[in-house]
Amino acid sequence: MRHFDLVIIGTGSGNSILDERFDDWNVAIVEKGVFGGTCLNVGCIPTKMFVHTANVASAPAAGTKLGVDAELHGVRWTEIRDRVFGRIDPIAEGGKRYRAEDCPNVTVFTGQARFVGPKQLDTGTGEVITADRFVIAAGGRPVTPDVPGIVETGFHTNETVMRLDELPKRMIVLGSGFVATEFAHVFSSFGVDVTLVARSGVLLRSEDEEVAARFTELAAQRWDVRLNRETVRAERVDGVVRLHLEGPDGAEVIEADELLVAVGRTPNSDILDVAATGVTTHPDGRVVVDEFQRTVVDGIWALGDISSPFQLKHVANHESRVVQHNLLNPEKPLASDHRFVPHAVFSSPTIASVGLTEQEARAAGVPYVSAVQEYAGIAYGWAMEDTTSFCKLLADPNTGKLLGAHIIGPEAGTLIQPLIQAMHFGLTARTMATGQYWIHPAMPELVENALLKLPTKD
């Protein structure tokens, strides 16, 4: 068996570990599919390229209340799709070519990896290799729900739906999280009739309760939203997908041309059979790691979606930098910082969040004060005639430090950044609000006003 100094499994954030400091290491990279991981190929990047186009497509309808009469004449789906993947596919191909051809110390294996013994890895190419160090960065995959008939019916996930040959007239989206709501926005903006099916009584239920309630209210104005539904079975009749549901009013059947399943993701630890090398997992399949991203096996690290509860690219990138440091500096390891992990949902409206939600603060018995600033209360909100968006903040009543920040509305993912900064560097709400200029009448005044409203003692 060939022996390596380091084996990296997965080419998402794991691939960014290698730089010139590893040039004298004998490294193997194992990838079962295309280079770049979930984010580049089937996740963050292509979806946001579609979302931006969807925002443009939905803009004419928003002009009416501003006195602008505009209309959408249609979208050219294949051109939209090919623009996206015409940018992305060459990046993935170039990444593999670079590692295989321009990095003489790196051996690339293309196959489904699987551990077969302590620090022994079947590369999926017919060769088993060993190494002193392993980095497990093999990500996750979409969950297939336990619904009778759904496999036989056929369905799309985020990994396939963006490459459809043509737009369907009708689409069912099964799920109520960020993947489901982002794709519902994309396809409905392109003229598809979307029916969204949720088991819970609210969409995006992990968000702050006020944010989730507002989003659900607005979503129901755009899509056929079915809440509190149990999917009993699926079938395809004469080419039409049919879902049989049980809801508050009893049995019902919905139909569409395509079915998108977005009910969650699961780590790929089972496919890798990490137990064969002694690595342990949580009950949900995530690889167990400590604050240094180390597994229970000496010399084996894990990062990203296969071990992280956050399932976010910026977290995987952070953990990749931590693992890189710890590989090069084992005598002075660096810990990951997961204190203030933000996220955004790029649906319509956009949502961004960091820290505690109000329901989490209540459940944990954390003392807090809160404040809400509506977009309608700032000058730029007047310009947009926005009557539904808001920023909500939670803070410690004694120290004035922020506990959580939640924004629903245009540019939420950008507007929340100074609040993330305040939390990370320990700035109080009053210091953050009064210790700098805020451009008037720009949108960040939303944040300034929300900070000033917090009744804290600082």
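Buried, in these notes, means under 20% relative accessible area. The model I have open is a predicted one.

**Cysteines**

I started with Cys-39. Its relative accessibility is 10%, so I put Cys-39 down as buried. Cys-103 goes on the buried list too, because its relative accessible area is 7%. Then I looked for disulfides, taking a pair of cysteine sulfur atoms within 2.5 Å as the test. My count by that rule is zero.

**Asn-158**

I went to the loop between α4 (150-153) and β8 (170-174), where Asn-158 sits. Is Asn-158 buried or exposed? Its relative accessible area comes to 8%, so Asn-158 is buried. I also checked what the side chain of Asn-158 reaches, and I found the backbone oxygen of Val-42 at 2.8 Å.

**Second largest pocket**

I skipped to the second largest pocket, which has a volume of about 1200 Å³. I noted 37 lining residues, and those closest to the pocket centre are Ser-58, Ala-62, Ser-348, Pro-349 and Pro-410. Which of the elements gives the most to the lining? I found that α2 does, with ten residues. Sorting the lining by residue type, I got 16 nonpolar, 15 polar and six charged.

**Cis peptide bonds**

Pro-349 came up again when I went through the peptide bonds. The bond that joins Ser-348 and Pro-349 is cis, with omega at about 0°. Both of these residues are among those closest to the centre of the second largest pocket. I placed Pro-349 in the loop between β17 (343-345) and β18 (351-355).

I have another cis bond on the page, joining His-440 and Pro-441, again with omega at about 0°. For Pro-441, I wrote down the loop between α13 (429-434) and α14 (445-453). I flagged these bonds because most peptide bonds are trans.

**Positive phi**

I turned to backbone angles next.

Asp-238 has a phi near 55°, which is positive, and it is not a glycine. I found Asp-238 in the loop between β11 (230-237) and β12 (240-247). How does Asp-238 count, buried or exposed? I have Asp-238 as exposed, because its relative accessibility is 78%.

Glu-385 also has a positive phi, near 55°. Its place is the loop between α10 (379-384) and β20 (390-395). Here the relative accessibility is 42%, so I logged Glu-385 as partly exposed.

**Domains from the record**

The unreviewed entry lists "domain: FAD/NAD(P)-binding" over residues 4-317. I checked that span in the model and got 27% helix and 26% strand, with the end C-alpha atoms 24 Å apart.

The unreviewed entry also gives "domain: Pyridine nucleotide-disulphide oxidoreductase dimerisation" for residues 341-450. In the model I found this stretch to be 34% helix and 25% strand, and its end C-alpha atoms lie 20 Å apart.

Terms used. Residues are numbered from 1 along each chain as its sequence is written. This is a predicted model: local features need pLDDT of at least 70, side-chain atom pairs count only at pLDDT 80 or more; totals for chains, interfaces and linings use all residues. Side-chain values use heavy atoms; hydrogens and water are left out. On a 1 Å grid over the protein atoms alone, a cavity is a set of points where a 1.4 Å probe fits but cannot get out, and a pocket is an open set with protein on both sides within 12 Å along at least five of seven lines; lining residues have an atom within 4 Å of a point. Grid points are joined across faces, edges and corners, and a volume is the space filled by probe spheres set on the points. Helices (H or I, at least four residues) and strands (E, at least two) are DSSP runs, numbered from the N terminus. Ala, Val, Leu, Ile, Met, Phe, Trp, Tyr, Cys and Pro count as nonpolar, Asp, Glu, Lys and Arg as charged, and the others, Gly among them, as polar. Buried means under 20% relative accessible area, exposed over 50%, partly exposed in between (1.4 Å probe, protein chains only). UniProt positions are given in the numbering used here, feature names are shortened, and annotations may be inferred rather than shown by experiment. A polar contact is a pair of N or O atoms within 3.5 Å; within protein, one must be able to donate a hydrogen and the other to accept it, and residues adjacent in sequence count only if both atoms are side-chain atoms.
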